[in-house]
Amino acid sequence: MRVEHGRTVLPGGLRVVTEHVPGMRSATVGLWVGVGSRDETPPVAGAAHYLEHLLFKGTTRRSAGQIAEEIDAVGGEFNAFTSKEHTCFYAQVLDTDLPLAMDLVTDVVFDAVCADVDVATERSVVLEEIAMRDDDPEDLLHEIFLETMFGDHPLAKPVLGTEESIRQLAPAALRDFYRTEYRSPEMVLAVAGNVEHDEVLRLAKEALAGKQLGPSDAPAPPRTGATGIASTAGITASRELVLRSDDTEQAHLMLGTRALSRHDDRRFALSVLNTALGGGMSSRLFQEVRERRGLAYQVYSSMACYADTGFLSVYAGCQPERLGEVAKVLREVCADVAAHGLTDAEVARAKGQLRGGLVLGLEDTASRMSRVGKNELNYGRYLSVDATIERIESVTVGEVAALAAAFLRDVDAVAVVGPYPHVDELPADVRELPA
């Protein structure tokens, strides 16, 4: 199967990237906007995610009901998501319904009304989403961990905003954020599936005719920052332990360190380290914590690479009385990998897991759209699957060991959610983690 890619910059600086996948009967249209929670000022905290909801409430041509009816009538999916650094609106449909998907996505993103009454309705919805996150200890833990990890850095802001900030966001402030941040030079229109680049261009030009585009025909450059560890990125947080006391059945623990930006070539080696450490059933953490000792049902490591920094973290959920022992084992595993690295077999398994996960994850057009869209937005270019696999395969045991020594010796942040009234009542092995 020969996959073909196309890239064109339209007037107004909007980039159109496509991936033609023969044999598929679907197509996914995604409009990526290079704005996320890190771009918000304190008075509009949560605005990017709020807008993600609000734009579906109606345009100059369609009501919210009409938007829902049109996508349901063709059996498609129309949705959106917001992250720290971008927002994406996407529609997945049969390939024959590509014109409708293109028209719906561009209409919602470029011509939303943002009426006062809709702002009020969606305020309640967003507040419910915040409450739902707070009722999920693992989701809440992740937010607390990032706030602890990044301190005053914009990446510490929760994507959803806070209950206080959402209640205070005025309709005028949201509309101003929409007008100033949704600029076509910072957007990427990504389409994948049984599509032809020229046909996508024709549909895009037709859908965008008469719409207000950006002031420049040149695309905005990729978001960049200092490469390497986050200590160079203006982060002021010190090593810290934070507890959110909650009457949960389990204790939830996350610890980690600041790591690499997505512009650091060592990120491929970091992915191998993360996978071998806690990315699967054969990983060090899973085998030691769950299989050998039976201390936790869920234990894993994770990583994220942003424009100017990133993190590597470890999570475990366990019975409250076992938290101290779990913390001790997590620290011992990390210390051992930091001191001695990983075996050849562990590195080889991690590479195979990453390779398989990458390829199998591209079995649908939505995943393919996401890959080409994020590559263009984050790097201004496309890194093919084969090239990515080559980068993964080229990682050496020594490179992984060097990153383990750099990022697993110390702990920059520790967060706990569980039934402990005060930090002083946490087990000593937990309180000593950030020391």
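I started with Ala27 and looked up its bridge partner in strand S5: the partner is Val93. S3 (residues 26-33) and S5 (residues 87-94) pair in the antiparallel sense over 8 bridges. My terms here: helices (H or I, at least four residues) and strands (E, at least two) are DSSP runs, numbered from the N terminus. Two strands pair if DSSP finds at least two bridges between them.

The model is predicted: local features need pLDDT of at least 70, side-chain atom pairs count only at pLDDT 80 or more, and totals for chains, interfaces and linings use all residues. Residues are numbered from 1 along each chain as its sequence is written, and side-chain values use heavy atoms, with hydrogens and water left out.

**Entry: the six-strand sheet**

I traced the strand order next. It reads S1-S2-S6-S3-S5-S4, an open sheet of 6 strands with mixed pairing. At the edges I found S1 (4-9) and S4 (77-82), each pairing on one side only. Neighbouring strands are turned by 15° against each other on average, direction ignored. For such angles, axes are lines fitted to C-alpha atoms, for helices over the stretch in contact, and values run from 0 to 180 degrees between N-to-C directions.

Then I went to S6 (residues 187-193). Are its residues buried or exposed? I found 7 of its 7 residues buried. Buried means under 20% relative accessible area, exposed over 50%, partly exposed in between (1.4 Å probe, protein chains only). Met187, Leu189, Val191 and Gly193 point one way, and Val188, Ala190 and Ala192 the other.

S6 has S2 (residues 15-20) as a parallel partner, joined by 6 bridges. There, His20 stands opposite Gly193. S3 runs antiparallel to S6, with 7 bridges. In that pair, Gly30 stands opposite Ala190.

I also checked helix H8 (residues 197-208). H8 lies across S1, S2 and S6 and runs at about 145° to S2. Contact means heavy atoms within 4.5 Å.

**Entry: the cores**

I listed the largest nonpolar core, which has 54 residues. A nonpolar core is a set of buried Ala, Val, Leu, Ile, Met, Phe, Trp, Tyr and Cys residues joined through side-chain atoms within 4.5 Å. Leu51, Leu55, Phe78, Met102 and Tyr182 touch the most other members. Helix H3 (residues 98-110) gives the most, with 8 residues. Around Tyr182 I noted several neighbours, among them Val33, Leu51, Phe89 and Met187. A second, separate core holds 51 residues, including Leu270 and Tyr420.

**Entry: the five-strand sheet**

The order here is S7-S11-S8-S10-S9, an open sheet with mixed pairing. S7 (240-245) and S9 (298-305) each have a single partner strand, so one side of each is left without a neighbour in the sheet. S7 and S11 (residues 413-418) pair in the parallel sense over 6 bridges. Ala413 is the bridge partner of Glu240. Helix H5 (residues 137-150) packs on this sheet, and its direction makes about 30° with that of S8. H9 packs here too, touching S9 and S10.

**Entry: H9 and H15**

I looked up how H9 (residues 267-278) meets H15 (residues 397-407). Their axes come within 9 Å and cross at roughly 75°. That makes H9 roughly perpendicular to H15 (65 to 115 degrees; under 35 counts as roughly parallel, over 145 as roughly antiparallel, the rest as oblique). Among the residues that meet are Leu270 and Leu273 in H9, and Leu403 and Phe407 in H15.

Key:
Lists of a residue's contacts leave out its neighbours within four places in sequence.
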